[in-house]
Amino acid sequence: MLAHRAELVKQIAMTLARFGCQHRIVAPGAIVRQCQVAQFKALGRSFVGAGRVYVCSAQTLVKRLDEMPDKPDIIVIDEAHHLTLESTWGRCVEAFPEAKLLPVTATPIRLDGKGLGLGAGGFADTMILGPTMRELIDQGFLSPYRIFAPPNALDLSGVRTRAGDYAKEQLAGAMDKPTITGDAVQHYHRLAAGKRAVAFCVSVDHAKHVAEEFRQAGVPAEFLDGTLDPAERQRIIERFEVGQTLVLSSCDIVSEGFDLPAIEVAILLRPTQSLALYLQQVGRALRVFPGKAEAIILDHVGAVATHGLPDEEREWSLDGVKRGRRQAANDNEPGVDRVMTCPKCYTIHLPAAECPTCGHVYPAKARKIEQADGELQELQAEQIEALRRQKRVMQGQAQTVEQLMAQGMSRPRAQKVLQAREAKQALIGDVLDAIEAVRAATGRGPYAALGVTLGDVRRMKPKELQALLGRARAMVPAEAAA
């Protein structure tokens, strides 16, 4: 089993232990010891150290591929949207070509547009869809939610895009302002006081600042990031879980795959163009937990307006999305280069926030971003329905495969939608012909004969049209129809 963060390795190991499954852990020694201690505390014994099941940190395994005592029969990849040919996960998988793969993820989409399927940059040859978020909410496996969103989104027109998402350095400057952070604190007090919340921030400095603002307002808060000692990170999580800490501020660590059902509130302070990241962040608050009646989403950055409702039905594809070269935001900004050269190791690579070979992080020049004051307002049922209706209207207005794909559909799905439209139009034509035949045979119009108007016919679904067609044809004598 392959994961890429210490928290995920520990979560998988604990789940195996609860099932009584002996397992080994391929990770730094400190992580292994934390897993053993956690299992002793929870279960009275540790299940780490034996067996043929391995829980592996991808970053550790890739350095120890030659040291693995057993060749795996099956590899389960957690958060498998990271699994591409050039990735650390990909190198781990390619080392065991005879193993079967089971990649799992709640968000099978990548920000860089790369596909997860064979021939598209990934490894998967088929996709098996599980229940939707709405189905899981209705069945009680996820919490219902309330969303509070700004009436107007932030103006991020001057924020540059890097590697498909907003440049973190510029976002940190935009979001880490007293007015915005203060709003987060005020809205927490007004809408979620006393509940355990996670604030999703742009950078470590932003996360520290947000935690400090909450503490100054009398709310127990701590920040969590990957630079902290693993043992200290675990202590922070434990304090949060028991309610000693009420607000965690984080940069990336809590957003993906992090399983802490005690989270009741998600405070979104990081704008993102990534649908996957948005869903991962909101999903942290949707886990069911004793005493949690609902999750609260405080959307300070207009994420719902950008990506839609969390439980909106979405089309997923293994093919990836073809992305064009990003254009300059204004006449003074040059376009993004197609390749970059690392100044430290001289590797030439595609545009990215850091060098894939040596890890050098490219600096970004900050820009001033204006932000309007405002109060979050709860999305009411009619507003939620309006959002869904708007999406249906936009899809209905799209006339080509490319236009549907621009709205997030995969190519196969877009093709099926257009084919279904053509089939429905042909069916409507058959129904209208049958109605004319009924008029000619009986002298009655469609409403008098069948109880429908021509407008009703055009609004009907295919099954309804089929039933109406059968009724109309049954009213026309065979010789008249001939």
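Buried residues have under 20% relative accessible area, exposed residues have over 50%, and partly exposed residues lie in between (1.4 Å probe, protein chains only). The legends below concern a predicted model, in which local features need pLDDT of at least 70 and side-chain atom pairs count only at pLDDT 80 or more, while totals for chains, interfaces and linings use all residues. Residues are numbered from 1 along each chain as its sequence is written, and side-chain values use heavy atoms, with hydrogens and water left out.

View 1. A salt bridge is a side-chain nitrogen of Lys or Arg within 4 Å of a carboxyl oxygen of Asp or Glu. Helices (H or I, at least four residues) and strands (E, at least two) are DSSP runs, numbered from the N terminus. Glu212 counts as partly exposed because its relative accessibility is 30%; Arg215, at 40%, is partly exposed.

View 2. Elsewhere, salt bridges that share partners join Glu222, Glu232, Arg235 and Arg239 into one network.

**View 3. Arg196 forms a salt bridge with Glu264**. Their closest N and O atoms are 3.6 Å apart. This pair links distant parts of the chain, 68 residues apart: Arg196 is in the loop between helix 7 (178-192) and strand 9 (197-200), and Glu264 is in the loop between strand 11 and strand 12 (265-268). Both Arg196 and Glu264 are buried.

**View 4. Thr245 lies in the loop between helix 9 (230-241) and strand 11 (247-250)**. Thr245 counts as buried because its relative accessibility is 3%. Its side chain makes a polar contact with the side chain of Glu222 at 2.6 Å. A polar contact is a pair of N or O atoms within 3.5 Å; within protein, one must be able to donate a hydrogen and the other to accept it, and residues adjacent in sequence count only if both atoms are side-chain atoms.
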